[in-house]
Amino acid sequence: QKKTTIPDIFQMKREGRRITMLTAYDFPFARLVDQGGVDMILVGDSAGVVVAGHETTLPVTMDEMLYHTKSVRRADPKALVVADMPFMSYQTGIEDACRNCGRMIKEGGAEAVKIEGGVNMASVIRAVSAIDIPVMAHIGLTPQSIHRMGGYKVQGRKDQAERIMEDARAVQEAGAFSVVLEGIPAQLAARITAELSIPTIGIGAGPDCDGQVLVIHDILGLCEKYSPKFVKHYAELTPIITEAVKTYVDEVRAGEFPTAEHSFN
Ligand code: KIV
Ligand code: NA
């Protein structure tokens, strides 16, 4: 199996082959996700919620994202590695954005970066793309905008739809190589996907996107705190892991582990 590249992702859209993406934040999960055959791995700032236990993605730092991205890189995945840019690493100006996106490539080993925003971030996407750092845009429900949205709510309903459509056009025009559509009506996502020449990657955006992305902890049933409607559990690992831990605890307490088999003479 050969390494997936940006041109491969474009080709998939042209040929109508659906693009698959999952998150990973560390070495073991990057190996598992890559062995499962995804086309792209997203080192998401969702790490702040599912790994670090924050309520939102806002506290996530550049140093934390670099740590996660480096850990994923060490798994040497065939999948294209896209690193999320954390809140305040690209919103403060083009120079900051270029420097921080550059760090994610140069130090983190990512092959592309992801930036939340549409019309408002077009100049940043243009500048970062111009220094040959591929940018995945992210529009619709953008979690770093939680305070403006007043919660994680579906975006682009009714008269808001045209605004999202304009965001989609703006990020393509600015040079993004693809765009995540999060939490928008399926009909709107279908319209955007039909109009754009760059691939759309949906999450809570219906079946008609060019690809799909989900958070790995969500699909494995490892994130019990909240589970939005768009998540499907492909496994329930929480009871399996809890049972293994319980058995270990019981065996140690009963003096059944370790045995001679697990001991040195
Ligand atoms: O951080 C993340 O995991 C994401 C995806 C859910 C799109 O941005
Ligand atoms: Na994110």
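Which residues of β4 lie on one side and which on the other, and are they buried or exposed? I noted first that the model is predicted. I then found A112, K114 and E116 on one side of β4 and V113 and I115 on the other, and all of them are buried. The count for the strand says this too: 5 of the 5 residues in β4 are buried. I set this beside the general rule that side chains in a regular strand alternate between the two faces of the sheet.

**Entry: partners of β4**

I looked up the strands that pair with β4. β3 and β4 pair in the parallel sense, with 3 bridges. In this pairing D84 stands opposite K114 of β4. β4 also pairs with β5, again in the parallel sense, over 4 bridges. Here I found V113 opposite V135 in β5.

β3, α5 and β4 form a right-handed β-α-β unit. β4, α6 and β5 form a right-handed β-α-β unit as well. Helix α6, residues 122-130, lies across β4 (112-116) and β5 (135-140). I read its angle to β5 as about 165°.

**Entry: the whole sheet**

I asked how many strands close into the barrel, and in what order. There are 8, in the order β1-β2-β3-β4-β5-β6-β7-β8, and the pairing is parallel. On average, neighbouring strands of this sheet are turned by 25° against each other, with direction ignored.

**Entry: β2 and its neighbours**

I checked β2, residues 40-43, for the directions of its residues. M40 and L42 point one way, I41 and V43 the other way, and all are buried. Strand β1 (residues 19-23) pairs with β2 in the parallel sense over 3 bridges. T23 stands opposite L42 of β2. On the β3 side I found 4 bridges to β2, and the two strands run parallel. I41 stands opposite V81 in β3. β1, helix α2 (residues 27-35) and β2 make a right-handed β-α-β unit.

**Entry: β6 and β7**

I also took one pair from further along the chain. Strand β6 covers residues 178-182 and strand β7 covers residues 200-203. They pair in the parallel sense over 4 bridges. The bridge partner of E182 in β7 is I203.

Two packed helices are described by the angle and the distance between their axes.

The axes of α4 (residues 62-73) and α5 (residues 94-106) come within 9 Å and cross at roughly 25°. Angles under 35 degrees count as roughly parallel, so α4 is roughly parallel to α5. This crossing is right-handed. The contact involves M62, M65, L66 and T69 of α4, and N100, R103 and M104 of α5.

For α5 and α6, the axes come within 9 Å and cross at roughly 45°. The two helices are therefore oblique to each other. I noted that the crossing of α5 and α6 is right-handed. From α5, the residues I94, A97, C98 and C101 meet S123, V124, A127 and V128 of α6.

**Entry: backbone angles**

I asked where the residues with positive phi sit. D76 has a phi near 50°, positive although D76 is not a glycine. D76 lies in the loop between α4 and β3.

I placed M88 in the loop between β3 and α5. M88 counts as partly exposed because it has 14 C-beta neighbours inside 10 Å. The cut-off for buried is 20 or more.

Which form does the bond from F257 to P258 take? The bond is cis, with omega near -5°. P258 is in the segment after α11 (237-253).

Definitions and conventions
Residues are numbered from 1 along each chain as its sequence is written. Chains are lettered from A and ligands numbered from 1 in the order in which they are written. This is a predicted model: local features need pLDDT of at least 70, side-chain atom pairs count only at pLDDT 80 or more; totals for chains, interfaces and linings use all residues. A residue is buried if 20 or more other C-beta atoms lie within 10 Å of its own, exposed if 12 or fewer, and partly exposed in between; C-beta atoms are placed from the backbone. Two strands pair if DSSP finds at least two bridges between them. A crossover is right-handed if, with the strands pointing away from the viewer, the path from the first strand over the helix to the second runs clockwise. Axes are lines fitted to C-alpha atoms, for helices over the stretch in contact, and angles run from 0 to 180 degrees between N-to-C directions. Angles under 35 degrees count as roughly parallel, over 145 as roughly antiparallel, 65 to 115 as roughly perpendicular and the rest as oblique. A crossing is left-handed if the near helix is turned anticlockwise from the far one by less than a right angle, and right-handed if clockwise. Two residues are in contact if their C-beta atoms, placed from the backbone, lie within 7 Å.
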